[in-house]
Amino acid sequence: MSAPWSALQQLASEPFSLRQAFQHDPERASRYRLSACGIELDYSKNLIDAKRWQSLLALAQTSDIAALRDRMVSGESINHTEQRSVGHMRLRLPDAALSELKDPTLAAEIRQCRQQMTALVSQLHQQRYLGYTGKPIRDVIWVGIGGSLLGPQMACEALSPYHQSPVKLHFAGNIDGAVVHDICRQLEPDTCLVVVASKSFGTEETRENALSLRQWFLDKGADQAAIARHFWATSSNIQAAADFGIVPEHILPMWDWVGGRYSIWSAIGLPLALLLGNEQFEDFLAGAHAMDQHFLQADFASNMPVTLALLGIWYINGMGCQSQALLPYNHYLRLLPSYVQQLDMESNGKQVDHQGHTLPYATAPVIWGDAGTNGQHAYHQLLHQSQLTIPADFILAAKPKHALADHHLRLAAHCFAQTQALMQGKTIEEAKDECLAQGMTEQQASKLAPHKASPGNKPSNTLLLPELSPYYLGALLALYEHKVFCQGAIWQLNSFDQWGVELGKQLSGPIYQALNGKAAQFDSSTAGLLASLQRHLTS
(Lines give C-alpha, C1' and ligand atoms only; values in the text may rest on other atoms or scores of the structure.)
Protein backbone atom coordinates (compact mmCIF):
# COMPACT_ATOMS: atom_id res chain seq x y z
CA MET A 1 0.00 0.00 0.00
CA SER A 2 1.32 3.45 -0.95
CA ALA A 3 2.42 6.01 1.64
CA PRO A 4 -0.60 8.30 1.13
CA TRP A 5 -2.99 5.37 1.64
CA SER A 6 -1.12 4.30 4.79
CA ALA A 7 -1.17 7.85 6.13
CA LEU A 8 -4.90 8.07 5.41
CA GLN A 9 -5.66 4.99 7.48
CA GLN A 10 -3.38 6.09 10.33
CA LEU A 11 -5.06 9.50 10.53
CA ALA A 12 -8.52 7.94 10.43
CA SER A 13 -7.72 6.01 13.60
CA GLU A 14 -6.97 9.21 15.53
CA PRO A 15 -9.87 10.88 17.39
CA PHE A 16 -11.30 14.09 16.03
CA SER A 17 -13.96 16.46 17.36
CA LEU A 18 -15.81 18.86 15.09
CA ARG A 19 -17.01 20.85 18.10
CA GLN A 20 -13.47 21.41 19.26
CA ALA A 21 -12.26 22.15 15.75
CA PHE A 22 -14.73 25.02 15.41
CA GLN A 23 -13.98 26.28 18.93
CA HIS A 24 -10.23 26.31 18.37
CA ASP A 25 -10.23 27.74 14.83
CA PRO A 26 -12.42 30.83 14.24
CA GLU A 27 -11.32 30.80 10.57
CA ARG A 28 -12.39 27.22 9.97
CA ALA A 29 -15.55 28.07 7.99
CA SER A 30 -13.65 30.29 5.55
CA ARG A 31 -10.68 27.93 5.39
CA TYR A 32 -12.81 25.04 4.16
CA ARG A 33 -14.95 26.85 1.63
CA LEU A 34 -14.87 26.95 -2.16
CA SER A 35 -16.73 28.69 -4.96
CA ALA A 36 -16.99 27.57 -8.57
CA CYS A 37 -19.36 28.67 -11.35
CA GLY A 38 -21.39 30.57 -8.75
CA ILE A 39 -21.89 27.47 -6.56
CA GLU A 40 -20.57 27.73 -3.00
CA LEU A 41 -19.32 24.67 -1.12
CA ASP A 42 -18.99 24.79 2.66
CA TYR A 43 -17.08 21.65 3.65
CA SER A 44 -15.98 22.89 7.07
CA LYS A 45 -18.31 20.42 8.85
CA ASN A 46 -16.18 17.46 7.82
CA LEU A 47 -13.91 15.36 10.00
CA ILE A 48 -10.76 16.99 8.68
CA ASP A 49 -8.04 19.36 9.81
CA ALA A 50 -4.93 20.70 8.07
CA LYS A 51 -3.01 17.46 8.62
CA ARG A 52 -5.79 15.23 7.33
CA TRP A 53 -6.55 17.50 4.39
CA GLN A 54 -2.92 17.65 3.31
CA SER A 55 -2.78 13.88 3.42
CA LEU A 56 -5.84 13.65 1.19
CA LEU A 57 -4.36 16.18 -1.24
CA ALA A 58 -1.17 14.12 -1.35
CA LEU A 59 -3.29 11.11 -2.29
CA ALA A 60 -4.82 13.10 -5.13
CA GLN A 61 -1.42 14.28 -6.35
CA THR A 62 -0.07 10.72 -6.53
CA SER A 63 -3.21 9.40 -8.23
CA ASP A 64 -4.07 9.21 -11.93
CA ILE A 65 -6.57 12.09 -11.83
CA ALA A 66 -4.57 14.58 -13.90
CA ALA A 67 -3.21 12.04 -16.39
CA LEU A 68 -6.55 10.32 -16.89
CA ARG A 69 -8.30 13.68 -17.21
CA ASP A 70 -5.86 14.71 -19.96
CA ARG A 71 -6.32 11.40 -21.75
CA MET A 72 -10.10 11.80 -21.59
CA VAL A 73 -9.96 15.31 -23.04
CA SER A 74 -7.60 14.22 -25.82
CA GLY A 75 -10.03 11.49 -26.90
CA GLU A 76 -8.06 8.41 -25.85
CA SER A 77 -9.97 5.20 -25.15
CA ILE A 78 -9.92 5.40 -21.37
CA ASN A 79 -12.95 3.05 -21.26
CA HIS A 80 -10.53 0.24 -22.01
CA THR A 81 -12.87 -2.72 -21.47
CA GLU A 82 -15.10 -1.46 -24.27
CA GLN A 83 -12.32 0.22 -26.30
CA ARG A 84 -14.15 3.53 -26.22
CA SER A 85 -13.22 7.11 -25.58
CA VAL A 86 -15.21 9.17 -23.08
CA GLY A 87 -16.43 12.35 -24.69
CA HIS A 88 -19.52 13.69 -22.95
CA MET A 89 -17.73 16.99 -22.21
CA ARG A 90 -17.56 17.63 -25.97
CA LEU A 91 -21.35 17.79 -26.07
CA ARG A 92 -21.50 20.91 -23.91
CA LEU A 93 -18.82 22.85 -25.77
CA PRO A 94 -20.04 26.20 -27.09
CA ASP A 95 -20.63 26.12 -30.81
CA ALA A 96 -17.53 28.21 -31.54
CA ALA A 97 -15.34 25.85 -29.49
CA LEU A 98 -16.45 22.83 -31.52
CA SER A 99 -14.09 24.03 -34.24
CA GLU A 100 -11.20 23.29 -31.88
CA LEU A 101 -11.96 19.56 -31.84
CA LYS A 102 -9.30 17.49 -33.57
CA ASP A 103 -11.91 15.63 -35.61
CA PRO A 104 -13.86 18.05 -37.87
CA THR A 105 -16.29 15.28 -38.79
CA LEU A 106 -17.20 14.85 -35.14
CA ALA A 107 -17.71 18.59 -34.73
CA ALA A 108 -20.02 18.58 -37.74
CA GLU A 109 -22.01 15.65 -36.31
CA ILE A 110 -22.52 17.42 -32.98
CA ARG A 111 -23.62 20.59 -34.76
CA GLN A 112 -25.99 18.63 -36.97
CA CYS A 113 -27.56 16.94 -33.94
CA ARG A 114 -28.05 20.30 -32.23
CA GLN A 115 -29.65 21.73 -35.37
CA GLN A 116 -32.04 18.75 -35.63
CA MET A 117 -33.05 19.16 -32.01
CA THR A 118 -33.49 22.91 -32.39
CA ALA A 119 -35.67 22.49 -35.48
CA LEU A 120 -37.87 19.86 -33.85
CA VAL A 121 -38.30 21.89 -30.66
CA SER A 122 -39.24 24.97 -32.71
CA GLN A 123 -41.80 23.01 -34.74
CA LEU A 124 -43.41 21.59 -31.62
CA HIS A 125 -43.43 24.92 -29.77
CA GLN A 126 -45.03 26.66 -32.73
CA GLN A 127 -47.47 23.74 -33.15
CA ARG A 128 -46.42 23.30 -36.77
CA TYR A 129 -45.77 19.58 -36.35
CA LEU A 130 -49.05 17.95 -37.42
CA GLY A 131 -50.08 14.35 -36.79
CA TYR A 132 -51.65 11.94 -39.27
CA THR A 133 -55.13 13.42 -38.79
CA GLY A 134 -53.90 16.98 -39.28
CA LYS A 135 -54.00 17.94 -35.61
CA PRO A 136 -50.92 19.50 -33.97
CA ILE A 137 -48.80 17.37 -31.63
CA ARG A 138 -49.79 18.08 -28.03
CA ASP A 139 -47.95 15.28 -26.19
CA VAL A 140 -44.53 13.65 -26.47
CA ILE A 141 -43.94 10.16 -25.05
CA TRP A 142 -40.27 9.57 -24.22
CA VAL A 143 -39.37 5.87 -24.15
CA GLY A 144 -36.08 4.94 -22.48
CA ILE A 145 -34.54 3.32 -19.42
CA GLY A 146 -31.56 3.97 -17.15
CA GLY A 147 -29.47 6.91 -18.30
CA SER A 148 -31.79 7.49 -21.23
CA LEU A 149 -34.58 8.23 -18.76
CA LEU A 150 -33.20 9.22 -15.35
CA GLY A 151 -31.30 12.26 -16.60
CA PRO A 152 -34.01 13.95 -18.65
CA GLN A 153 -36.74 13.05 -16.17
CA MET A 154 -34.79 14.48 -13.25
CA ALA A 155 -33.79 17.64 -15.11
CA CYS A 156 -37.31 18.27 -16.41
CA GLU A 157 -38.62 18.04 -12.84
CA ALA A 158 -35.80 20.22 -11.50
CA LEU A 159 -36.47 23.02 -13.97
CA SER A 160 -40.27 22.92 -13.87
CA PRO A 161 -40.55 26.69 -13.22
CA TYR A 162 -38.72 27.34 -16.50
CA HIS A 163 -40.99 25.28 -18.74
CA GLN A 164 -42.34 27.21 -21.72
CA SER A 165 -43.64 24.49 -24.01
CA PRO A 166 -47.26 23.98 -25.10
CA VAL A 167 -46.46 20.28 -25.44
CA LYS A 168 -46.74 17.91 -22.47
CA LEU A 169 -44.13 15.25 -21.81
CA HIS A 170 -44.66 11.66 -20.61
CA PHE A 171 -41.91 9.20 -19.61
CA ALA A 172 -42.16 5.45 -20.24
CA GLY A 173 -39.27 3.49 -18.75
CA ASN A 174 -40.18 0.51 -16.60
CA ILE A 175 -41.10 -2.76 -18.33
CA ASP A 176 -44.11 -2.90 -16.01
CA GLY A 177 -47.08 -2.71 -18.38
CA ALA A 178 -48.86 -0.30 -16.04
CA VAL A 179 -46.55 2.47 -17.28
CA VAL A 180 -47.60 2.35 -20.94
CA HIS A 181 -51.17 1.45 -19.98
CA ASP A 182 -51.55 4.58 -17.86
CA ILE A 183 -50.02 6.81 -20.56
CA CYS A 184 -52.24 5.46 -23.35
CA ARG A 185 -55.35 5.68 -21.19
CA GLN A 186 -55.15 9.48 -21.02
CA LEU A 187 -53.96 10.29 -24.58
CA GLU A 188 -54.92 9.90 -28.23
CA PRO A 189 -52.22 8.74 -30.66
CA ASP A 190 -53.00 11.23 -33.43
CA THR A 191 -51.72 14.09 -31.23
CA CYS A 192 -48.74 12.19 -29.78
CA LEU A 193 -45.11 11.99 -30.82
CA VAL A 194 -43.11 9.00 -29.57
CA VAL A 195 -39.33 9.22 -29.16
CA VAL A 196 -37.50 5.92 -28.61
CA ALA A 197 -34.18 6.46 -26.82
CA SER A 198 -31.90 3.45 -27.09
CA LYS A 199 -28.31 3.37 -28.28
CA SER A 200 -28.59 -0.24 -29.45
CA PHE A 201 -32.32 -0.10 -30.19
CA GLY A 202 -32.36 -3.46 -28.49
CA THR A 203 -32.75 -2.72 -24.77
CA GLU A 204 -35.59 -4.99 -23.68
CA GLU A 205 -37.63 -2.50 -21.67
CA THR A 206 -37.38 0.23 -24.30
CA ARG A 207 -38.06 -2.16 -27.19
CA GLU A 208 -41.16 -3.69 -25.61
CA ASN A 209 -42.61 -0.34 -24.57
CA ALA A 210 -42.01 1.04 -28.07
CA LEU A 211 -43.66 -2.00 -29.66
CA SER A 212 -46.69 -1.62 -27.39
CA LEU A 213 -46.99 2.07 -28.30
CA ARG A 214 -46.71 1.26 -31.99
CA GLN A 215 -49.47 -1.33 -31.62
CA TRP A 216 -51.57 1.31 -29.85
CA PHE A 217 -51.25 3.51 -32.92
CA LEU A 218 -52.17 0.65 -35.26
CA ASP A 219 -55.14 -0.36 -33.11
CA LYS A 220 -56.41 3.22 -33.36
CA GLY A 221 -56.32 3.13 -37.17
CA ALA A 222 -52.85 4.49 -37.94
CA ASP A 223 -50.96 3.03 -40.89
CA GLN A 224 -47.22 2.66 -41.52
CA ALA A 225 -47.01 6.18 -42.93
CA ALA A 226 -48.50 7.49 -39.69
CA ILE A 227 -45.96 5.45 -37.68
CA ALA A 228 -43.18 7.03 -39.72
CA ARG A 229 -44.58 10.48 -38.98
CA HIS A 230 -45.19 10.00 -35.27
CA PHE A 231 -42.08 8.04 -34.21
CA TRP A 232 -38.58 9.41 -33.68
CA ALA A 233 -35.51 7.78 -32.18
CA THR A 234 -32.15 8.62 -30.75
CA SER A 235 -29.92 5.64 -31.47
CA SER A 236 -26.68 4.45 -33.03
CA ASN A 237 -28.40 1.43 -34.60
CA ILE A 238 -29.88 3.08 -37.68
CA GLN A 239 -30.91 -0.22 -39.27
CA ALA A 240 -32.86 -1.45 -36.24
CA ALA A 241 -34.67 1.89 -35.98
CA ALA A 242 -35.49 1.72 -39.69
CA ASP A 243 -36.76 -1.86 -39.35
CA PHE A 244 -39.07 -0.59 -36.63
CA GLY A 245 -40.49 1.95 -39.08
CA ILE A 246 -38.60 5.11 -38.18
CA VAL A 247 -37.36 7.12 -41.15
CA PRO A 248 -33.68 8.22 -41.22
CA GLU A 249 -34.48 11.94 -40.90
CA HIS A 250 -36.21 11.17 -37.58
CA ILE A 251 -33.16 9.48 -36.04
CA LEU A 252 -30.97 11.61 -33.78
CA PRO A 253 -27.43 10.29 -33.26
CA MET A 254 -25.97 8.57 -30.22
CA TRP A 255 -22.24 7.94 -30.05
CA ASP A 256 -20.47 5.02 -28.41
CA TRP A 257 -18.25 7.48 -26.51
CA VAL A 258 -21.24 8.72 -24.48
CA GLY A 259 -22.41 6.42 -21.70
CA GLY A 260 -26.07 6.47 -20.76
CA ARG A 261 -25.54 8.10 -17.38
CA TYR A 262 -23.53 10.89 -19.06
CA SER A 263 -25.89 11.39 -22.00
CA ILE A 264 -28.26 14.18 -20.96
CA TRP A 265 -26.00 16.60 -22.83
CA SER A 266 -26.73 14.77 -26.10
CA ALA A 267 -30.01 14.13 -27.92
CA ILE A 268 -31.07 12.36 -24.72
CA GLY A 269 -31.56 15.90 -23.45
CA LEU A 270 -34.31 16.48 -26.04
CA PRO A 271 -37.12 16.33 -23.41
CA LEU A 272 -35.40 19.10 -21.45
CA ALA A 273 -34.81 21.16 -24.60
CA LEU A 274 -38.47 20.66 -25.50
CA LEU A 275 -39.76 21.92 -22.17
CA LEU A 276 -37.22 24.73 -21.72
CA GLY A 277 -36.88 25.93 -25.28
CA ASN A 278 -33.64 26.09 -27.20
CA GLU A 279 -32.08 29.14 -25.53
CA GLN A 280 -32.56 27.86 -21.99
CA PHE A 281 -31.22 24.44 -22.99
CA GLU A 282 -28.08 26.23 -24.18
CA ASP A 283 -27.85 27.82 -20.72
CA PHE A 284 -27.98 24.33 -19.22
CA LEU A 285 -25.07 23.23 -21.43
CA ALA A 286 -23.20 26.44 -20.60
CA GLY A 287 -23.37 25.76 -16.86
CA ALA A 288 -21.91 22.29 -17.35
CA HIS A 289 -19.19 23.67 -19.63
CA ALA A 290 -18.25 26.26 -16.99
CA MET A 291 -17.81 23.49 -14.42
CA ASP A 292 -15.74 21.55 -16.95
CA GLN A 293 -13.39 24.51 -17.25
CA HIS A 294 -13.11 24.82 -13.47
CA PHE A 295 -12.33 21.11 -13.19
CA LEU A 296 -9.71 21.30 -15.94
CA GLN A 297 -8.00 24.47 -14.73
CA ALA A 298 -8.21 24.72 -10.93
CA ASP A 299 -5.43 23.25 -8.82
CA PHE A 300 -6.44 20.32 -6.66
CA ALA A 301 -6.55 22.37 -3.43
CA SER A 302 -9.23 24.68 -4.88
CA ASN A 303 -10.90 22.22 -7.24
CA MET A 304 -14.50 21.53 -6.18
CA PRO A 305 -14.92 18.10 -7.84
CA VAL A 306 -11.56 16.96 -6.45
CA THR A 307 -12.55 18.22 -2.99
CA LEU A 308 -15.84 16.28 -2.97
CA ALA A 309 -14.04 13.22 -4.31
CA LEU A 310 -11.39 13.29 -1.59
CA LEU A 311 -13.95 13.73 1.16
CA GLY A 312 -15.78 10.67 -0.16
CA ILE A 313 -12.52 8.69 -0.23
CA TRP A 314 -11.83 9.78 3.34
CA TYR A 315 -15.12 8.42 4.62
CA ILE A 316 -15.31 5.24 2.51
CA ASN A 317 -11.70 4.12 2.79
CA GLY A 318 -10.55 5.90 5.91
CA MET A 319 -13.57 5.56 8.15
CA GLY A 320 -15.40 2.61 6.63
CA CYS A 321 -18.60 4.46 5.77
CA GLN A 322 -20.80 2.54 3.35
CA SER A 323 -23.39 5.11 2.34
CA GLN A 324 -23.89 8.78 1.63
CA ALA A 325 -27.07 10.83 1.92
CA LEU A 326 -27.90 13.32 -0.79
CA LEU A 327 -30.37 15.83 0.61
CA PRO A 328 -31.61 18.56 -1.73
CA TYR A 329 -33.62 21.17 0.14
CA ASN A 330 -35.60 21.91 -2.97
CA HIS A 331 -38.83 20.26 -4.04
CA TYR A 332 -37.84 20.41 -7.70
CA LEU A 333 -34.62 18.47 -7.02
CA ARG A 334 -36.42 15.51 -5.47
CA LEU A 335 -35.23 13.15 -8.25
CA LEU A 336 -31.57 14.19 -7.94
CA PRO A 337 -30.69 11.37 -5.47
CA SER A 338 -31.98 8.78 -7.96
CA TYR A 339 -29.95 10.37 -10.74
CA VAL A 340 -26.74 10.45 -8.68
CA GLN A 341 -27.39 6.87 -7.55
CA GLN A 342 -26.88 5.67 -11.11
CA LEU A 343 -24.07 8.12 -11.84
CA ASP A 344 -22.05 7.10 -8.79
CA MET A 345 -22.98 3.48 -8.11
CA GLU A 346 -22.99 2.29 -11.74
CA SER A 347 -19.73 4.10 -12.44
CA ASN A 348 -17.67 3.07 -9.44
CA GLY A 349 -19.45 0.05 -7.97
CA LYS A 350 -16.60 -2.20 -9.09
CA GLN A 351 -14.31 -4.78 -7.49
CA VAL A 352 -11.34 -4.89 -9.87
CA ASP A 353 -8.80 -2.34 -11.11
CA HIS A 354 -7.79 -1.56 -14.69
CA GLN A 355 -5.73 -4.74 -14.87
CA GLY A 356 -8.55 -6.92 -13.55
CA HIS A 357 -6.95 -7.38 -10.13
CA THR A 358 -9.20 -7.44 -7.08
CA LEU A 359 -9.14 -4.10 -5.31
CA PRO A 360 -7.96 -4.14 -1.67
CA TYR A 361 -10.50 -1.50 -0.60
CA ALA A 362 -14.16 -0.62 -0.92
CA THR A 363 -15.40 1.64 -3.71
CA ALA A 364 -18.52 3.75 -4.18
CA PRO A 365 -21.05 4.51 -1.44
CA VAL A 366 -24.71 3.59 -1.39
CA ILE A 367 -26.38 6.87 -2.42
CA TRP A 368 -29.79 7.63 -0.97
CA GLY A 369 -31.93 10.56 0.04
CA ASP A 370 -34.98 12.69 -0.66
CA ALA A 371 -36.01 16.31 -0.71
CA GLY A 372 -35.87 18.18 2.58
CA THR A 373 -37.72 18.66 4.83
CA ASN A 374 -39.51 15.36 4.18
CA GLY A 375 -36.48 13.35 5.30
CA GLN A 376 -36.40 15.12 8.66
CA HIS A 377 -39.62 13.34 9.53
CA ALA A 378 -38.30 9.98 8.34
CA TYR A 379 -34.65 8.89 8.23
CA HIS A 380 -32.89 11.92 9.79
CA GLN A 381 -33.42 10.17 13.11
CA LEU A 382 -30.84 7.61 12.00
CA LEU A 383 -28.48 10.32 10.74
CA HIS A 384 -28.50 12.08 14.09
CA GLN A 385 -28.62 9.39 16.76
CA SER A 386 -27.47 6.08 15.31
CA GLN A 387 -23.93 4.82 15.73
CA LEU A 388 -23.45 4.99 11.96
CA THR A 389 -21.48 7.78 10.36
CA ILE A 390 -23.27 8.77 7.16
CA PRO A 391 -21.79 11.75 5.30
CA ALA A 392 -24.43 13.98 3.76
CA ASP A 393 -24.58 16.58 1.01
CA PHE A 394 -27.15 19.31 1.67
CA ILE A 395 -28.14 21.35 -1.41
CA LEU A 396 -30.03 24.63 -1.26
CA ALA A 397 -30.91 27.24 -3.88
CA ALA A 398 -30.65 30.72 -2.35
CA LYS A 399 -33.46 32.30 -4.36
CA PRO A 400 -36.76 30.41 -4.77
CA LYS A 401 -38.93 30.32 -7.89
CA HIS A 402 -42.10 31.14 -5.99
CA ALA A 403 -43.48 34.05 -4.02
CA LEU A 404 -43.87 32.28 -0.65
CA ALA A 405 -40.86 33.99 0.89
CA ASP A 406 -41.46 32.87 4.47
CA HIS A 407 -41.71 29.22 3.38
CA HIS A 408 -38.30 29.54 1.76
CA LEU A 409 -36.72 31.13 4.83
CA ARG A 410 -38.07 28.30 6.97
CA LEU A 411 -36.72 25.75 4.47
CA ALA A 412 -33.27 27.38 4.57
CA ALA A 413 -33.36 27.49 8.37
CA HIS A 414 -34.06 23.76 8.51
CA CYS A 415 -31.29 23.01 6.00
CA PHE A 416 -28.64 24.93 7.95
CA ALA A 417 -29.94 23.68 11.31
CA GLN A 418 -29.61 20.06 10.22
CA THR A 419 -25.93 20.47 9.34
CA GLN A 420 -25.33 22.34 12.60
CA ALA A 421 -27.09 19.65 14.64
CA LEU A 422 -25.21 16.86 12.90
CA MET A 423 -21.94 18.62 13.62
CA GLN A 424 -22.37 19.67 17.26
CA GLY A 425 -24.92 17.16 18.56
CA LYS A 426 -26.18 17.38 22.12
CA THR A 427 -24.32 15.95 25.10
CA ILE A 428 -26.08 14.07 27.89
CA GLU A 429 -25.28 16.97 30.21
CA GLU A 430 -26.87 19.45 27.81
CA ALA A 431 -29.89 17.22 27.42
CA LYS A 432 -30.22 16.91 31.18
CA ASP A 433 -29.98 20.68 31.69
CA GLU A 434 -32.65 21.11 29.04
CA CYS A 435 -34.96 18.71 30.88
CA LEU A 436 -34.37 20.45 34.19
CA ALA A 437 -35.15 23.79 32.60
CA GLN A 438 -38.47 22.33 31.51
CA GLY A 439 -39.37 21.58 35.14
CA MET A 440 -38.43 17.90 35.41
CA THR A 441 -37.06 16.47 38.61
CA GLU A 442 -33.40 15.42 38.82
CA GLN A 443 -34.44 11.77 38.54
CA GLN A 444 -36.69 12.38 35.56
CA ALA A 445 -34.03 14.46 33.78
CA SER A 446 -31.31 11.88 34.35
CA LYS A 447 -33.53 9.12 33.02
CA LEU A 448 -34.61 10.97 29.86
CA ALA A 449 -31.33 12.71 28.99
CA PRO A 450 -29.61 9.73 27.29
CA HIS A 451 -32.58 9.40 24.93
CA LYS A 452 -32.43 13.07 23.96
CA ALA A 453 -28.66 13.24 23.51
CA SER A 454 -27.09 13.14 20.04
CA PRO A 455 -23.44 12.24 19.54
CA GLY A 456 -22.78 14.89 16.90
CA ASN A 457 -19.50 14.75 14.98
CA LYS A 458 -21.49 13.71 11.92
CA PRO A 459 -20.03 15.13 8.69
CA SER A 460 -21.81 17.10 5.98
CA ASN A 461 -21.26 19.38 3.01
CA THR A 462 -23.49 22.30 2.11
CA LEU A 463 -23.81 23.31 -1.54
CA LEU A 464 -25.45 26.69 -2.04
CA LEU A 465 -26.69 27.61 -5.52
CA PRO A 466 -27.69 31.21 -6.31
CA GLU A 467 -30.88 29.74 -7.81
CA LEU A 468 -32.02 26.51 -9.42
CA SER A 469 -31.78 27.71 -13.01
CA PRO A 470 -30.76 25.82 -16.16
CA TYR A 471 -27.21 27.18 -15.85
CA TYR A 472 -26.71 26.17 -12.23
CA LEU A 473 -28.34 22.77 -12.67
CA GLY A 474 -25.93 22.09 -15.52
CA ALA A 475 -23.00 23.10 -13.34
CA LEU A 476 -24.25 20.98 -10.43
CA LEU A 477 -24.63 17.83 -12.54
CA ALA A 478 -21.19 18.30 -14.08
CA LEU A 479 -19.77 18.75 -10.57
CA TYR A 480 -21.04 15.32 -9.52
CA GLU A 481 -19.85 13.77 -12.80
CA HIS A 482 -16.32 15.00 -12.21
CA LYS A 483 -16.39 13.97 -8.56
CA VAL A 484 -17.20 10.40 -9.62
CA PHE A 485 -14.46 10.53 -12.27
CA CYS A 486 -11.86 11.61 -9.69
CA GLN A 487 -12.79 8.85 -7.29
CA GLY A 488 -12.57 6.25 -10.06
CA ALA A 489 -9.11 7.56 -10.94
CA ILE A 490 -7.96 7.32 -7.32
CA TRP A 491 -9.37 3.79 -7.02
CA GLN A 492 -7.75 2.89 -10.37
CA LEU A 493 -10.92 1.44 -11.87
CA ASN A 494 -12.90 1.98 -15.05
CA SER A 495 -15.78 4.33 -14.23
CA PHE A 496 -17.31 4.07 -17.69
CA ASP A 497 -18.35 0.44 -18.14
CA GLN A 498 -21.17 -1.42 -16.35
CA TRP A 499 -20.64 -5.13 -16.90
CA GLY A 500 -22.24 -5.91 -13.56
CA VAL A 501 -25.73 -5.24 -14.90
CA GLU A 502 -25.39 -7.83 -17.68
CA LEU A 503 -25.77 -11.05 -15.71
CA GLY A 504 -29.31 -10.35 -14.56
CA LYS A 505 -30.29 -9.45 -18.12
CA GLN A 506 -28.81 -12.69 -19.43
CA LEU A 507 -30.59 -14.84 -16.86
CA SER A 508 -33.97 -13.18 -17.41
CA GLY A 509 -34.18 -14.62 -20.94
CA PRO A 510 -34.39 -18.31 -19.99
CA ILE A 511 -36.80 -17.47 -17.15
CA TYR A 512 -39.06 -15.59 -19.57
CA GLN A 513 -38.97 -18.56 -21.94
CA ALA A 514 -39.90 -20.88 -19.08
CA LEU A 515 -42.86 -18.66 -18.24
CA ASN A 516 -43.98 -19.18 -21.84
CA GLY A 517 -43.83 -22.95 -21.54
CA LYS A 518 -40.26 -23.83 -22.54
CA ALA A 519 -38.72 -26.48 -20.29
CA ALA A 520 -35.58 -25.42 -18.43
CA GLN A 521 -33.60 -26.28 -15.31
CA PHE A 522 -33.21 -23.75 -12.51
CA ASP A 523 -32.08 -23.69 -8.92
CA SER A 524 -34.73 -24.81 -6.46
CA SER A 525 -35.59 -21.28 -5.33
CA THR A 526 -36.13 -19.93 -8.85
CA ALA A 527 -38.05 -23.06 -9.85
CA GLY A 528 -40.31 -22.69 -6.83
CA LEU A 529 -40.98 -19.03 -7.55
CA LEU A 530 -41.84 -19.85 -11.18
CA ALA A 531 -44.25 -22.53 -10.07
CA SER A 532 -45.96 -20.19 -7.62
CA LEU A 533 -46.30 -17.46 -10.24
CA GLN A 534 -47.78 -19.86 -12.77
CA ARG A 535 -50.24 -21.09 -10.17
CA HIS A 536 -51.41 -17.54 -9.47
CA LEU A 537 -51.65 -16.67 -13.16
CA THR A 538 -53.81 -19.69 -13.96
CA SER A 539 -56.04 -19.62 -10.87
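Student: In this predicted model, which residue of β5 is the bridge partner of D139?
Tutor: Start with the strands. β3 and β5 pair in the parallel sense over 5 bridges. D139 belongs to β3, where its side chain points the same way as I141 and V143. In β5, the bridge partner of D139 is C192.

Student: Which residue of β4 does I141 bridge to?
Tutor: β3 also pairs with strand β4, residues 168–172. The two run parallel and are joined by 5 bridges. The β4 partner of I141 is H170.

Student: Are the residues of β3 buried or exposed?
Tutor: Look at both directions. D139, I141 and V143 point one way, V140 and W142 the other. In a regular strand the side chains alternate between the two faces of the sheet. For β3, 5 of its 5 residues are buried.

Student: Which residue in β6 is the bridge partner of A197?
Tutor: Strand β5 covers residues 192–197. β5 pairs with β6 in the parallel sense, over 4 bridges. The partner of A197 in β6 is T234.

Student: Through which helix does the chain cross from β6 to β7?
Tutor: This is a β-α-β crossover, and it is right-handed. The helix on the path covers residues 238–244. Its name is α11.

Student: Which element gives the most residues to the lining of the largest pocket?
Tutor: The largest pocket has a volume of about 1,100 Å³. Of its 41 lining residues, the closest to the centre are T203, Q498, V501, E502 and K505. α7, α9, α15 and α21 each supply at least two lining residues. The most, 5 residues, come from α21.

Student: Which of the UniProt "active site" residues does the lining of the largest pocket include?
Tutor: The unreviewed UniProt entry places this feature at E346, H377 and K505. They are spread over 160 residues of sequence and are also spread in space, up to 37.0 Å between C-alpha atoms. The largest pocket's lining includes E346 and K505.

Student: Why does K505 count as partly exposed?
Tutor: K505 sits in helix α21. Partly exposed means between the buried limit, under 20%, and the exposed limit, over 50%. K505 falls in that range because its relative accessible area is 48%.

Student: Why does H377 count as exposed?
Tutor: H377 is found in the loop between β9 and α16. The cut-off for exposed is over 50%. H377 passes because its relative accessible area is 71%.

Student: Which element gives the most to the lining of the second largest pocket?
Tutor: This pocket has a volume of about 440 Å³. It is lined by 19 residues, with V73, S74, R90, L93 and L101 nearest its centre. The elements giving two or more residues are α5 and α13. With 4 residues, the top contributor is α13.

Student: Which element gives the most to the lining of the largest cavity?
Tutor: The structure holds 6 cavities of 30 Å³ or more. About 100 Å³ of space lies in the largest. Of its 16 lining residues, L311, G312, Y315, Q324 and P391 are the closest to its centre. The element that gives the most, 5 residues, is α14.

Terms used: Residues are numbered from 1 along each chain as its sequence is written. This is a predicted model: local features need pLDDT of at least 70, side-chain atom pairs count only at pLDDT 80 or more; totals for chains, interfaces and linings use all residues. Side-chain values use heavy atoms; hydrogens and water are left out. On a 1 Å grid over the protein atoms alone, a cavity is a set of points where a 1.4 Å probe fits but cannot get out, and a pocket is an open set with protein on both sides within 12 Å along at least five of seven lines; lining residues have an atom within 4 Å of a point. Grid points are joined across faces, edges and corners, and a volume is the space filled by probe spheres set on the points. Two strands pair if DSSP finds at least two bridges between them. A crossover is right-handed if, with the strands pointing away from the viewer, the path from the first strand over the helix to the second runs clockwise. UniProt positions are given in the numbering used here, feature names are shortened, and annotations may be inferred rather than shown by experiment. Buried means under 20% relative accessible area, exposed over 50%, partly exposed in between (1.4 Å probe, protein chains only).
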